[in-house]
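Please look at the structure below with one topic in mind: the ligand and the space around it.

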Amino acid sequence: MTRVALVTGGTRGIGHAISTALKYRGCRVAANYGGNDTAARQFQAATGIPVYKFDVSDFAACQEGVTRITRDLGPVDILVNNAGITRDAMLHRMTKENWDAVIHTNLDSVFNMTRLVIEGMRARSFGRIINVASINGRKGQAGQANYSAAKAALLGFSKAVAQEAASRGITVNVIAPGYIATEMVRAVPKEILDTKILPFVPVGRLGTAEEVARCVTFLADDAAGFITGACLDANGGQYMA
Ligand code: NDP
């Protein structure tokens, strides 16, 4: 059966790899993005996957986006809440604006998108919801109180909704990647990577976006129906919960 998959932040970085992996697995995929039109155009030209620009932190915009995607591709069977940002600072220097930006984009977005697809999934008795959290939501990270808080919240959200939706054939799971070689991590100064991050990754390297996408296709599969409320850590052994 051809499933419809919606990947937020699906045009760049980890999301790019998730969108293409789901397409390769036979899904009809919609890739959302927030503002980088050039990257989205390149992505669409390279993959043939349609792109949808809307701000996942804005409920009304999500509503409009999900309506368009449903009209174009059909109702969403697989939702991957992947869009995310960082606005790092120690708490004593963190602005309210940067707190709000991260909470709205990384956490409110997951409510917005999940709320908009869950009723349809319940009605059709099938759904796969996969929330991309982070190692830093599992263990906390200095300089990322906003990001760690938002990502940790995804675990509570997912476990609660997993319980609510289990009897309707819907699974809700979290993937918590470690440090993955995307633009988000390339923004970390090399000296910090070499001295403060890589020495603590037993596998000895950054992960790849494709390795995270592999976790998504595993959890998104029709055959993964007995896995729900779980967190799949993909972090090279950096944090063993
Ligand atoms: P990138 O910065 O490479 O890509 C982020 C994607 O999210 C882009 O497509 C971007 O759209 C989109 N996006 C950002 N804000 C919004 C918004 N308000 N509305 C819609 N789309 C938005 O990030 P990564 O690929 O590195 O990260 C993907 C996810 O994985 C994030 O949730 C991140 O927190 C998580 N993660 C990443 C790790 C890493 O090491 N890279 C480690 C652990 C977790 P646009 O192109 O328009 O800007």
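This is a predicted model: local features need pLDDT of at least 70, side-chain atom pairs count only at pLDDT 80 or more; totals for chains, interfaces and linings use all residues.

Residues are numbered from 1 along each chain as its sequence is written, and side-chain values use heavy atoms, with hydrogens and water left out.

Around the ligand there are 30 residues, of which Arg12, Gly35, Asn82, Tyr147 and Thr182 come nearest; a residue is counted here if one of its heavy atoms lies within 4 Å of the molecule. This shell consists of 14 nonpolar, 13 polar and three charged residues, where Asp, Glu, Lys and Arg count as charged, Ala, Val, Leu, Ile, Met, Phe, Trp, Tyr, Cys and Pro as nonpolar, and the others, Gly among them, as polar.

Arginine 12 places a polar side-chain atom 2.7 Å from an oxygen atom of the ligand. The backbone also takes part: a polar backbone atom of valine 56 is 3.0 Å from a nitrogen atom of the ligand, and a backbone N or O atom of asparagine 82 is 2.7 Å from a ligand oxygen atom. The protein buries 92% of the 900 Å² that the ligand exposes when taken alone, areas that come from the Shrake-Rupley method with a 1.4 Å probe.

Terms used:
A polar contact is a pair of N or O atoms within 3.5 Å; within protein, one must be able to donate a hydrogen and the other to accept it, and residues adjacent in sequence count only if both atoms are side-chain atoms.
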